[in-house]
Amino acid sequence: MEIHIINGPNLNLLGKREPEIYGNQNFEVFFESLKHQYPQIQLFYFQTNHEGELIDYLHSHGFSADGIVLNAGAYTHTSLAIADAVRAIQTKVIEVHISNVFARENYRHHSYLATSCVGVISGFGMHSYTLAIEALMRI
Ligand code: DQA
């Protein structure tokens, strides 16, 4: 099974960025622990701050991977283009958020991506990614 985790803008700063909201763990370190936890899954990780690169990556892996875990960061709330890309591909996509976006500012309550995803996981810290992998293994 092949699963890709994709992180969008500002998520390269996890561990340093607003730790009271996003925690103090660096994503690369967390990703290594995920690979140990799921040795049976081929896990890949990609992060970019650029909308077009997120779309290119979805196009490149969205017809061959078994699942995609997508934290598009603020693009979740703004990007029709990423929503169209998620709709255009065949691989199942789960939208994830580290924070509970529904407990935050109103502008974070709407997701352009959610209707194109199989589901949304929000608010469990880094465990949101683990829960998304568990969900992909079961669907
Ligand atoms: C986020 C929530 C978004 O609203 C925010 O813009 C992010 C991170 C999260 O993981 O909680 O960059 O996607």
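Author: The account below begins with a loop, and then turns to other loop residues and to the helices.

This is a predicted model, in which local features need pLDDT of at least 70 and side-chain atom pairs count only at pLDDT 80 or more, while totals for chains, interfaces and linings use all residues. Residues are numbered from 1 along each chain as its sequence is written, and side-chain values use heavy atoms, with hydrogens and water left out.

Serine 111 lies in the loop between S4 and S5. Helices (H or I, at least four residues) and strands (E, at least two) are DSSP runs, numbered from the N terminus. With a relative accessible area of 15%, serine 111 is buried. Buried means under 20% relative accessible area, exposed over 50%, and partly exposed in between, for a 1.4 Å probe and protein chains only. The side chain of serine 111 forms a polar contact of 2.8 Å with the side chain of glutamate 95. A polar contact is a pair of N or O atoms within 3.5 Å; within protein, one must be able to donate a hydrogen and the other to accept it, and residues adjacent in sequence count only if both atoms are side-chain atoms. The serine 111 side chain also reaches the backbone nitrogen of alanine 114, at 2.9 Å. When neighbours within four places in sequence are left aside, serine 111 is in contact (heavy atoms within 4.5 Å) with Thr76 and Glu95.

Arginine 108 is found in the loop between S4 and S5. At 17% relative accessibility, arginine 108 counts as buried. Its side chain makes a polar contact of 2.7 Å with the side chain of glutamate 105. Leaving aside neighbours within four places in sequence, arginine 108 touches His77 and Val101.

The loop between S1 and H1 holds asparagine 10. Most residues other than glycine have a negative phi. Asparagine 10, however, has a positive phi of about 75 degrees although it is not a glycine, and at 37% relative accessibility it counts as partly exposed. Glutamate 18 is placed in the loop between S1 and H1. Phi of glutamate 18 is near 35 degrees, a positive value in a residue other than glycine, and glutamate 18 is partly exposed, with a relative accessible area of 36%.

Among the helices, the axes of H3 (residues 51-61) and H4 (residues 80-88) come within 9 Å and cross at roughly 0 degrees. That makes H3 roughly parallel to H4, a label given to angles under 35 degrees. Axes are lines fitted to C-alpha atoms, for helices over the stretch in contact, and angles run from 0 to 180 degrees between N-to-C directions. Glu51, Leu54, Ile55, Leu58 and His59 in H3 meet Ala81, Ile82, Ala85 and Val86 in H4.

Helix H5 has 12 residues (127-138), which at 1.5 Å a residue should span 16 Å; its end C-alpha atoms are 17 Å apart, which agrees. The expected span is 1.5 Å times one less than the number of residues. Ser128, Tyr129, Thr130, Ala132, Ile133 and Leu136 are buried in H5. The elements that cover these buried residues include strands S1 (2-7), S2 (42-47), S3 (67-71), S4 (92-97) and S5 (119-122), together with helix H2 (27-37).

Note on methods: Angles under 35 degrees count as roughly parallel, over 145 as roughly antiparallel, 65 to 115 as roughly perpendicular and the rest as oblique.
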